[in-house]
Structures are given as C-alpha cells and as structure tokens.
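Visitor: I should like to examine this model with you, step by step. Could we begin with its overall architecture?

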Amino acid sequence: MGIEAVKALREKLRNDTALNDFWQSHYNKAAIHRIGYRQSPNANDYPIVSYVVTRAVVGDPSGERVTVSVVIGVNAAGITDDVYDGVQQADEAASLVVSAISIGRVDARTMWLGTAMIVSDTGMRHPFYESEVIVPLLWRG
C-alpha cells in the first residue's frame, strides 16, 4: 500500500540534481537512499536518506493518504562560525528535499499535499546529525 508512494518519493529524491550536487560538494559521494530506518555508528553509512511510512489512511476514493518520514543523516564533525557543520548541513539537505517535491507531483500516481514538517535532532549524537522531513502524500493506485 504506502510502499508505492515511498518508492516514488525515493526515486524523485535520488534523481534530484540539486540534492545530488549537495552530497557531492560536502561528501564527495552520493547519499544512500534506503527504505526503512536504522541509526548507524559507522561514518561510512553517511550521508543517508531513509524513508519510513509513519501513517497511511486507506479507503478514501480519492486515494491513499500516506505520511512519509524522510530522515536525512549526515556525518560532520566540524564547526564553522559557532555552528556545528552537521546542524547546517542537515538543515540545508532538508530544505533541498522540500524544494525537490514542491513542484507538486512526485510521479504520475503520487502527489505531495503541499505542507511538510521539519524536525531536527540538533546533534544529539555528534558528529552524526539528522533532520526529518515529514511529508504527507496522496497516492492513487
């Protein structure tokens, strides 16, 4: 059910030029895009974008309403201008995620419903930082 909307969102973000340029400029590699979530203590597992269905409402004739949590994980130990680099980078990546989907349609069957919530851990596991973008989608199967 909701997994199809998650797969569509993953493909959209995996292929977004601005997001890919961001990963290359900060980490010299592409981010890992994985459905499911696991915190890792291994620096090689970063940057990562994890996708989790947090809620699905089914039975509406207009489509399935799916809330997807997009968790962005970065590994950044530095500090610039009294701001930990990881806080800044996770925030920038979250903004790029919202920009990538703000165009409207995720794919032919999946639409972003126009609002998102961003939650950050502000470095509770320094040097690993996470920002979560909570995205409501409408999927028409």
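**Architecture and helix H3**

Guide: The secondary structure of the protein chain comprises three helices and nine strands. Please note that this is a predicted model.

Visitor: In which pattern do these elements follow one another along the sequence of the protein chain?

Guide: The count to be arranged is three helices and nine strands. Read along the sequence, the order is α-α-β-β-β-β-β-α-β-β-β-β.

Visitor: What is the radius of gyration of the protein chain, and why does it agree with a compact globule?

Guide: For 141 residues, a compact globule would have a radius of gyration near 14 Å. The value for the protein chain agrees with this, being 15 Å.

Visitor: What share of the contacts with a separation of 6 or more joins residues 24 or more positions apart?

Guide: Contacts here are heavy atoms within 4.5 Å. Among those in the protein chain with a separation of 6 or more, residues 24 or more positions apart account for 60%.

Visitor: How far apart are the end C-alpha atoms of helix H3?

Guide: Helix H3 consists of 17 residues, 85–101. At 1.5 Å a residue it should span 24 Å, and the computed separation of its end C-alpha atoms agrees: 25 Å.

Visitor: Which residues of H3 are buried, and what arc do they cover around the axis?

Guide: Buried means under 20% relative accessible area. In H3 this holds for Asp85, Gly86, Gln89, Ala90, Ala93, Ala94, Val97, Ala100 and Ile101. They lie on the same side of H3, because the arc they cover around the axis is only 160°.

Notes:
Residues numbered from 1 in each chain as written. Predicted model: local features only at pLDDT ≥ 70, side-chain atom pairs only at ≥ 80, totals over all residues. Heavy atoms only, no water. Helix = DSSP H or I, 4+ residues; strand = E, 2+ residues; numbered from the N terminus. Expected span 1.5 Å × (residues − 1). Buried < 20%, exposed > 50% of the residue type's maximum accessible area, 1.4 Å probe, protein only. Arc of directions from axis to C-beta. Rg over C-alpha atoms; globule rule 2.2 N^0.38 Å.
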